[in-house]
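I opened this model to look up its salt bridges, its cores and its surface. My entries follow in the order I made them.

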Amino acid sequence: MSIATSADGTPIEFSATGDGRTIVIVNGALSTAADAAPLAQALADAGFRAVTWDRRARGGSGDRQDSTPDDEAADLAAVIEAAGGTDAVLGHSSGAVLALYAASRGVPTGALFLSEPPIDFDGSGFGPELADRLQTLVDAGQPAEAVATFQLDAVGLPREMVEGGRASGMLDALAPLGQSTVYDARLTLRVRQPGRDLLTITQPATVLRGAQTFPFLIGASDRLAAELSGAELVIVPESVMHRPDPAATARVIAARI
């Protein structure tokens, strides 16, 4: 493990596997660098150097109170610099949103591979009050409830599924990521109804999605590919229900950089 220091002094833990051109992976909500290990290994097997990292308030990385999407963009910039630069960034879910946002703020991402980004083009999703509610729960010592609220009101999971996670202990296992739900909510809200600064980036961009995934993600992915300057849409049949298939995703990247 290595440490990159973000612009505000927050330590960000990262690691690399494999040799070759560098691909930095950006995880989605409620996940840590460890969850990206299969994807990193598939990229290494395909001849790349894959960098995984814990976004702030996750895993081995630090945090700062009232962090913003710009702080998370700076975290990605710090990881890229500490890793010696990158040829591409692969972001999944809210990680794809962060990758796109960071690129629009001048972070040197190289080529972008954006997997099922949950961008609210119509502005019909949650409002700014959700991040405040999540932070209130975390501050009250109820991070598991923050996770449950995020799953219900941001992700849109059925209540019975969330309650099933509570009964199985999965909700408690995710409780250490409670603070990160605040940041994912702030990030997603920041890029809702994206403007010209997001849609006219100069980096080559590929939007990936599964053939079988949630309808909102199909709509968001297809619309982003249509509106993002020069973007390509790639449907990956092996990726099912918002889970990117490691080997198939690595093949898509290898064919394009």
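**Entry 1: salt bridges**

I began with Arg166, which forms a salt bridge with Glu145, the closest N and O atoms being 2.6 Å apart. I noted that this pair links distant parts of the chain: Arg166 sits in helix H6 (residues 159-168) and Glu145 in helix H5, 21 residues apart. For the term I used a side-chain nitrogen of Lys or Arg within 4 Å of a carboxyl oxygen of Asp or Glu. Helices (H or I, at least four residues) and strands (E, at least two) are DSSP runs, numbered from the N terminus.

This is a predicted model, so I kept its limits in view: local features need pLDDT of at least 70, side-chain atom pairs count only at pLDDT 80 or more, and totals for chains, interfaces and linings use all residues. Residues are numbered from 1 along each chain as its sequence is written, and side-chain values use heavy atoms, with hydrogens and water left out.

I then checked the accessibility of both partners. I call a residue buried under 20% relative accessible area, exposed over 50%, and partly exposed in between (1.4 Å probe, protein chains only). Arg166 has 32% relative accessibility, so it counts as partly exposed. Glu145 is partly exposed too, because its relative accessible area is 28%.

Next I took Arg133. Its salt bridge is with Asp153, and the closest N and O atoms are 2.9 Å apart. Here too distant parts of the chain are linked: Arg133 is in helix H4 (residues 129-139), Asp153 in helix H5 (residues 143-155), 20 residues apart. Arg133 is at 39% relative accessibility and therefore partly exposed. Asp153, at 37%, is partly exposed.

I also looked at Arg256 and Glu232, whose side chains meet in a salt bridge (2.9 Å, N to O). Arg256 lies in the segment after helix H11 (246-254), and Glu232 lies in strand E8 (residues 232-240), 24 residues apart. Arg256 is partly exposed at 35% relative accessibility. Glu232 is partly exposed at 33%.

I found a network of salt bridges linking Asp8, Arg56, Arg64, Asp71 and Asp75. The count by this rule comes to 19 salt bridges.

**Entry 2: the chain as a whole**

How many helices and strands does the protein chain have? I read off eleven helices and eight strands. The C-alpha trace spans about 45 × 35 × 35 Å along its principal axes. Buried residues make up 53% of the 257 residues. Contact means heavy atoms within 4.5 Å. Of the contacts with a separation of 6 or more, 74% come from residues 24 or more positions apart.

**Entry 3: cores**

Which residues have the most contacts inside the largest nonpolar core? They are Trp53, Leu100, Leu112 and Leu224, in a core of 37 residues. Helix H3 (residues 94-104) gives the largest share of this core, eight residues. By nonpolar core I mean a set of buried Ala, Val, Leu, Ile, Met, Phe, Trp, Tyr and Cys residues joined through side-chain atoms within 4.5 Å.

I followed Leu224 further. Leaving aside neighbours within four places in sequence, Leu224 is in contact with Leu100, Leu114, Pro117, Ile119, Phe121, Leu199 and Val207. I also noted a second, separate core of 22 residues, which includes Leu30, Leu134, Ala144 and Val182.

**Entry 4: helix H1**

The buried residues of helix H1 (residues 37-45) are Leu39, Ala40, Ala42, Leu43 and Ala44. Their cover includes strand E2 (11-17), strand E3 (21-26), strand E4 (48-53), strand E5 (88-92) and H11. Just after H1, I found Gly47 with a positive phi of about 95°.

**Entry 5: Pro244**

I located Pro244 in the loop between E8 and H11. Pro244 is partly exposed, at 26% relative accessibility. Not counting residues up to four places away in sequence, Pro244 touches His92, Ser115, Ser239 and Thr249. From Pro244 to Glu116 I read 8.9 Å, C-alpha to C-alpha, and the two are 128 residues apart in sequence.
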